[in-house]
Amino acid sequence: SAGPLRVPRDLRPGRYADVHGINYYSRSTIRGFDHGVADGVEVNDLGWEVYPAGLVEVATQVYRRFPAPLWITENGTCDNDDRFRARYVYEHLARIAASPLPIERYYHWCFVDNWEWAEGEVPRFGIVALDYETQERTVKDSGRFLSSVIAHRGVTEEAYAAHVASQRYRVVAAP
């Protein structure tokens with residue numbers, strides 16, 4: 001739980017934002033001065049923990065402190081071979097759908113593979129593959145899944161079976 005909110009003296013009480021945007025990808029485990037992931041957790045291709053519950057946990061904290069509609073402005077994962085991205089999207093959207101919070105919008109990061117600040121062209125976050133040499137773009141399976149979710153305003157049994165059911169994350173092995 002957050003501590004007391006310190007309000008500047010010249011600020012009058014009121015609502016100063018129409019919505020709150022949340023960028024959520026993962027969580028880190030802190031051990032002393034180190035951070036990373038716990039043993040035995042599911043991870044993406046950058047070794048970041050896949051923790052869908054964290055999206056709603058963060059949104060709950062934001063909403064309790066600053067009640068206003070919520071937009072998920074970024075949510076995605078590095079999946080270089082598109083082996084689990086549809087599952088990642090499904091699990092995060094399922095958490096949003098089950099939440100009583102006023103989450104109005106969801107924006108997946110990202111549409112097309114892009115330059116990642118610290119990693120360059122190697123990590124693939126897009127639902128559309130980009131061939132950096134030719135600039136050719138190809139819709140990935142995860143893109144077809146998200147397209148189906150949008151078209152049907154939810155996840156159909158057919159879409160789940162075709163795009164999500166067989167997908168698995170890598171698990172960090174315990175020492």
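Reply: Cys110 counts as buried, at 5% relative accessibility. Keep in mind that this is a predicted model. Cys78 is buried too, with a relative accessible area of 0%. For Cys78, the nearest cysteine sulfur is that of Cys110, and it's 10 Å away, so with a cut-off of 2.5 Å Cys78 is in no disulfide. Looking from the other end, Cys110 has the sulfur of Cys78 as its nearest, again at 10 Å, and is in no disulfide either.

Now the surroundings. Cys110 belongs to a nonpolar core of eight residues, with Tyr25, Phe84 and Tyr88 also among them. That core lies apart from the largest one, which has 23 residues. In the largest core, Ile72, Leu93, Ile96, Ile103 and Phe145 touch the most other members. Two or more residues each come from α1 (53–65), β5 (70–75), α2 (85–98), β6 (103–108), α3 (141–152) and α4 (157–164). Take Leu93: leaving out neighbours within four places in sequence, it's in contact with Tyr106, Leu146 and Val149.

To put that in the setting of the whole chain, there are four helices and nine strands, running β-β-β-β-α-β-α-β-β-β-α-α-β along the sequence. Of the 175 residues, 38% are buried. Among contacts with a separation of 6 or more, 63% are between residues 24 or more positions apart.

Note on methods
Residues are numbered from 1 along each chain as its sequence is written. This is a predicted model: local features need pLDDT of at least 70, side-chain atom pairs count only at pLDDT 80 or more; totals for chains, interfaces and linings use all residues. Side-chain values use heavy atoms; hydrogens and water are left out. Buried means under 20% relative accessible area, exposed over 50%, partly exposed in between (1.4 Å probe, protein chains only). A nonpolar core is a set of buried Ala, Val, Leu, Ile, Met, Phe, Trp, Tyr and Cys residues joined through side-chain atoms within 4.5 Å. Contact means heavy atoms within 4.5 Å.
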